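Let's get to know a new structure through a few worked exercises.

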Amino acid sequence: LCVVHHLGGLILRFLAFFLSLFIVLGASAPVKAEGELVKIRLLPERSAVVAGDEIWVGIEKSIAPHWHTYWKNAGDSGTPLRVTWDLPDGFEFGEVQWPAPKKIPYEPLLNYGYEGSVVLLQRLTVPDDLPAGALNFTADIEVLVCKEECIPEYGTYEFALNVPNAMAEDNSAYLDMAAIKVPRVVDWDVGFAQEDEQFVLRFPQGELLDLNTNRIEFYPLDWGVVLNPAASVSSYEDGWLVLRQPAGDLTLDGLDAVRGTLVYEIEGVREAVSFTAAPESVGAGESVLEVQGDAVVPSSLGFVGAVFFALVGGLILNLMPCVFPVLSLKALSLVKISEEHPEVARVHGIAYTLGVVLSFVAIAAALMTLKVAGAEIGWGFQLQNPFIVGLLAYLFLILGLNLAGVFEIRNPFGNVGGVLARNKGPAGSFFTGILATLVAAPCTAPFMAGAIGFALVQPVYVGLIVFAALGLGLALPYLVLSFVPALQRVMPRPGAWMDVFKQLLAFPMFGAAVWLVWILGVQVGASAMGGLLVGAVLLSFAIWVLQHVPKAGVLRRLVMVLAVLSLIAAVWFIPKNVRMADSPALFGAYEDGKFGEVFSQERLEDVLVGDAPVFVEMTAAWCITCKVNHAVAINVNSTKALFAQRGVVYLIGDWTNEDPVITRYLEKYGRNGVPLYVYYGDRDAQTGERPEPIVMPQILTPAVVRDYVDVK
Amino acid sequence: MILKKNIMMMGALLLAFTSAPALAAVEIGQMAPEIETVDVNGEAFKLSDHKGKTIVLEWTNHQCPFVVKHYGTGNMQATQKEALALGDVEWISIVSSADGKQGNVTPEEANAILSEAGAAPSAKILDASGAIGNAYGALTTPHMFVINAEGTLVYAGAIDDNSSPNPKTVEGATNYVLAALADVKAGNAVAIPQTQPYGCSVKY
């Protein structure tokens, strides 16, 4: 009976579900619709209201395939939907809420609009003196729908509320979905400026940290601030997310605000915010140098807040799937120690904390150094290097095999993963700290992004403190455990169950390894990834062989050699260089050596004695901006021709590896990073003087190069 | 993944620099780009020969609903008449629809459309190559430009301030072109020199 009853409930629920579908589908039919290409429905949040209510009303457009309608700013052509309401007395509608649009190109124009199905929202306020009985709402809607040609469609639509005896209608779930697509209004301190024909927006990094800069789209609400069809380019600079797009017809002078929508992706999910930007005080002319100096960056997150979030973020890191297994076993082993020697446990706790904090500070210092050097990096930059990714994949494989019980290794620190289960002195704990940081590094936890974003735009010591706090957060549970015996008593007793638990925890490790292998595949392609997997087999083989080394004799040596060779081969199989299969031109740019000559201080001094103009490019293999500039603005026929015509001596300095000469040169121009482009104008025929060298912008186009080089 | 992001950024940069918009942007206060062509009646037209006159350029496409809005209500013809009546004003209608695209017409069809609508521009020009449209950055039909007697561009943008395709919205709208012409006639700077053009895209 119970089963039957349960089944009945299920069926009822299904029926209710289907019924609700029909209710939504059956909402408001148009009274008079001329439109064929855009089907419109009016969807009130619910069909019954009381005095003082506020509800959403959706205007749902179903647009015929291949046709589109327009956003609030239609772009180069077109016009947005217009609605004129006929409302019962006292009712009021708020402004139309427009979902984030997309770019719809029609060469050479570009429009902002919608395809498929879209729901515009309006907030309806119910008056306090609500009359009894049915309420009728009528909307005259005109909508322009275009494919190549355009057709205006006009229609009158209606819906009713509080209709006596009508079936209750609830579209709230559907409208909630629609509301998600409306950009969230933010009060970020966004600045706008015009620099070299480019409209520039600067967003505080805050929530925008570590986005895929290719998936960032800007939709101006105001006409004329940008050339709509021109692509925008986003990059991280000095703690800002900077978006550049060729400027439009409107002069920005005297404009006190630019409104717009920014669309970006966070973990594959499209997010949209609507913002208002204020003019930057920096004058257009000076901005080139000014902005690239040591910009003082305000941040919404204060120092104390950042440290706090870092601490919390670090704490949460303990629960990340790759970190948790390492630490949970470590914690259990600690319990075992403290049973015998509480003071030894404290030493272990401190050693472990030191290991974690120092590793974090080391990674942060490396990160900041590289960041200062102009690298486009954020947290997890280690993963930019396929070799490190490969090594980490091996590390997780080894940890997994160890946990699974395939092997145990004795080493100076005790047992590698093993430190997980057993302990040999504080050094072992220190090592576990480093290990924990290594395995934690690829992970990000909630609260961390904001703190790291803050840290990276601060003076170095402040940044390091924030990172140290992150490390402390990670180490904190263990540290507390080692100091508070009462907590240790709460922990489960070590026992045989630990072995099973340990083996179980091998699987998250293998999962992490798979993830890293995938990253490597993305970086360097399938064949290199295959190489890494071969390496993984060799590594496992070497580990297995080492478990079966004969006690003595020639065979022992042979087996050892076999193991060592396998290990070497495994490491050899990790791809070392980033190979950009998609853009060989960019990365082969410097190798041909036909254009430009190698920079040296002597060569520069030599050519400066002469009369010819000199162009110095400071670059590095890991500097993506440098590569792009070189490929699109320098190593192009127009610039080559310009240089030839003007007799420009072109010197290239490569800062890929540490080079004190170049570092000093950069410092001379107030930089500690690449790219740096300096132009020395030719010697004046009359005065015999050279003009002051000019530092060029960090983003180059052939036109920018021409502007600097072509001046007499 | 960060790397992938960088590759994509490079792609975006490349795209940004290679696919520079084909449309030139004309600036208010600058010399209007030269137009040298033949009109629908086979007569040569050179913009610089018309210095001393105020020139109105009107981008049109008789099949575009926005153009239909302004011609169907007689608004464009009325604006034209009023403009020409100011004296020393010439009105040039330009069709930049490419071959095979909406609005592309033969010279005979162009004249037929004019007489049917009762419009009488000083000249009508067919610009199927889009060269003139590109030089002026004409985006929409209609898209209006006013050039003063010195050949300087003094107005670019919409015909009026109501961007609806609905013919009912002609009434009550502020006509930007007539306002600009009145400013020019009075010897004043044009008060509203630039507005967002609205309409169908020019069918390049």
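This is a predicted model: local features need pLDDT of at least 70, side-chain atom pairs count only at pLDDT 80 or more; totals for chains, interfaces and linings use all residues.

**Exercise 1. Work out the strand order of the five-strand open sheet in chain B, and find its edges.**

Step 1. Trace the sheet across: the order is E5-E4-E3-E7-E8 in chain B, with mixed pairing.

Step 2. Look for strands that pair on one side only: these are strand E5 (123-126) and strand E8 (153-157) of chain B.

**Exercise 2. Find out how strand E3 of chain B is joined to E4(B) and to E7(B).**

Step 1. Start with E4: strand E3 (residues 54-59) and strand E4 (residues 89-95) of chain B run parallel, joined by six bridges. To see one pairing, pick Glu58(B), whose bridge partner in E4(B) is Ser93(B).

Step 2. Now turn to E7: five bridges join E3(B) to E7(B), and these two run antiparallel. Here Val56(B) has Val146(B) as its bridge partner.

Step 3. Helix H3 (residues 75-85) of chain B lies across E3, E4 and strand E7 (143-147), and runs at about 145 degrees to E4(B).

**Exercise 3. Find the edges of the four-strand open sheet in chain A and say why they are edges.**

Step 1. Read the order: E2-E3-E9-E6 of chain A, with antiparallel pairing.

Step 2. Strand E2 (38-44) and strand E6 (92-93) of chain A each have a single partner strand, so one side of each has no neighbour in the sheet.

Step 3. Zoom in on one pair: E2(A) and strand E3 (residues 54-63) of chain A are joined over seven bridges, and Arg41(A) has Glu60(A) as its bridge partner in E3(A).

Step 4. Place the helix. Helix H2 (residues 172-180) of chain A lies across E2, E3 and strand E9 (117-125), running at about 105 degrees to E9(A).

**Exercise 4. Locate the salt bridge between Arg123(A) and Glu45(A), and see what it belongs to.**

Step 1. Recall the idea: side chains of opposite charge can pair when their charged atoms come close.

Step 2. Check the distance: the closest N and O atoms of Arg123(A) and Glu45(A) are 4.0 Å apart.

Step 3. Arg123(A) is in strand E9 and Glu45(A) in the loop between E2 and E3 of chain A, 78 residues apart.

Step 4. Compare accessibility: Arg123(A) is partly exposed at 27%, whereas Glu45(A) is buried at 14%.

Step 5. Widen the view. Glu45(A), Arg46(A), Asp53(A), Glu54(A) and Arg123(A) are linked in a network of salt bridges. Over all chains, the count comes to 20 salt bridges.

Key. Residues are numbered from 1 along each chain as its sequence is written. Chains are lettered from A and ligands numbered from 1 in the order in which they are written. Side-chain values use heavy atoms; hydrogens and water are left out. Two strands pair if DSSP finds at least two bridges between them. Contact means heavy atoms within 4.5 Å. Axes are lines fitted to C-alpha atoms, for helices over the stretch in contact, and angles run from 0 to 180 degrees between N-to-C directions. A salt bridge is a side-chain nitrogen of Lys or Arg within 4 Å of a carboxyl oxygen of Asp or Glu. Buried means under 20% relative accessible area, exposed over 50%, partly exposed in between (1.4 Å probe, protein chains only).
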